[in-house]
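Keep the sequence and the 3D view at hand.

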Amino acid sequence: MARPADPGRRARTLAAAADYVLEHGLTGLSLRPLASALGTSTRMLLYDFSSKEELVMAVLTEIRRREAAMLAGYARASS
């Protein structure tokens, strides 16, 4: 019997990948070390994001979203 789908897995992986990129940067980013650091496999990264390019785009979008939320928080606090 197949394991039931986990709809939150991609979001959790994306959040962890964004944390990894913020700590280590994008220069020389390789799927194997990333997958190892996230406790997953390259196969699962590609299953969730289709390609390394899609993963990088999603990570950059997530980082931008975080920055926008942080700036909005600062703007509310200073008002």
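Buried means under 20% relative accessible area, exposed over 50%, and partly exposed in between (1.4 Å probe, protein chains only). This is a predicted model: local features need pLDDT of at least 70, side-chain atom pairs count only at pLDDT 80 or more, and totals for chains, interfaces and linings use all residues. Residues are numbered from 1 along each chain as its sequence is written, and side-chain values use heavy atoms, with hydrogens and water left out. Helices (H or I, at least four residues) are DSSP runs, numbered from the N terminus.

**Helix α1**
- Residues 9-24 form α1, which has 16 residues.
- From first C-alpha to last, α1 reaches 22 Å, close to the 22 Å expected at 1.5 Å a residue; that expected span is 1.5 Å times one less than the number of residues.
- Thr-13, Leu-14, Ala-17, Ala-18, Tyr-20 and Val-21 are buried in α1.
- They lie on the same side of α1, because they cover an arc of only 160° around the axis. The arc is that of the directions from the helix axis to the C-beta atoms.
- Exposed Ala-11, Leu-22 and Glu-23 sit on the face turned away from the buried side of α1.

**Helix α3**
- Met-44, Leu-45, Asp-48 and Phe-49 are buried in α3.
- Their arc is only 115° around the axis, so they share the same side of α3.
- Arg-43 and Tyr-47 are exposed, on the face of α3 turned away from its buried side.

**Packing**
- The buried residues of α1 pack against α2 (31-38), α3 (42-49) and α4 (52-78), where contact means heavy atoms within 4.5 Å.
- The buried residues of α3 pack against α1, α2 and α4.

Definitions and conventions:
Helix = DSSP H or I, 4+ residues; strand = E, 2+ residues; numbered from the N terminus.
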